[in-house]
Amino acid sequence: MKRKIALAIGTSLLCIAILTGCNSSVAAEDAFSAANSGDTENAQKLYTNIIDNSSEQKEQLNKLLSAEFEQLLDNYNHEELTDDQAKEEFKKYSEAFEGIESVETARENLKELIDSKKIFQICKRVRSRRKLWTRIR
């Protein structure tokens, strides 16, 4: 009788643990999807109520965000996105998940990339002006 009770309780606890584990990754994915679609309020609620209390869920969300940010930075670098479009894309994630490591890192990377592109454009203009002056002389 004690074995049956222990088995029933053990099985129940195992099922709860499995379902909780599945729920954690679903919460991170749901929060990411909500932020991606512009539903900042829902993403913030999921983050605050579920994800913020679990390092496993934060890690899952960071992985999702890191992959997304890498793609966005790559698109910006290949001029598939303008400065404003890239900033807007990052804004929706930073509003929903402010303070998360991957968001802060991506924000810094985007700023450096934008600054770098601006400096490169200035150098191209200066170089073309020098060529023009050389031809005129």
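In which helix do Glu 41 and Lys 45 both lie, and how many residues apart? Both belong to helix α2 (residues 40-49), where they stand four residues apart, about one turn of the helix. Helices here are DSSP runs of H or I with at least four residues, strands being E runs of at least two, and numbering starts from the N terminus.

The model is predicted, so that local features need pLDDT of at least 70 and side-chain atom pairs count only at pLDDT 80 or more, while totals for chains, interfaces and linings use all residues. Residues are numbered from 1 along each chain as its sequence is written, and side-chain values use heavy atoms, with hydrogens and water left out.

Eight salt bridges are present in the structure, each defined as a side-chain nitrogen of Lys or Arg within 4 Å of a carboxyl oxygen of Asp or Glu. Lys 45 is partly exposed at 46% relative accessibility; buried denotes under 20% relative accessible area, exposed over 50%, and partly exposed the range in between (1.4 Å probe, protein chains only).

Helix α4 (residues 83-96) contains Lys 91 and Glu 95, which are four residues apart and thus separated by about one helical turn. These two residues form a salt bridge, the closest N and O atoms lying 3.9 Å apart. Lys 91 is partly exposed at 41% relative accessibility, and Glu 95 is partly exposed with a relative accessible area of 38%.

A further salt bridge joins the side chains of Asp 52 and Lys 58 at 3.1 Å, N to O. Asp 52 has a relative accessible area of 35% and is partly exposed; Lys 58, at 32% relative accessibility, also counts as partly exposed.
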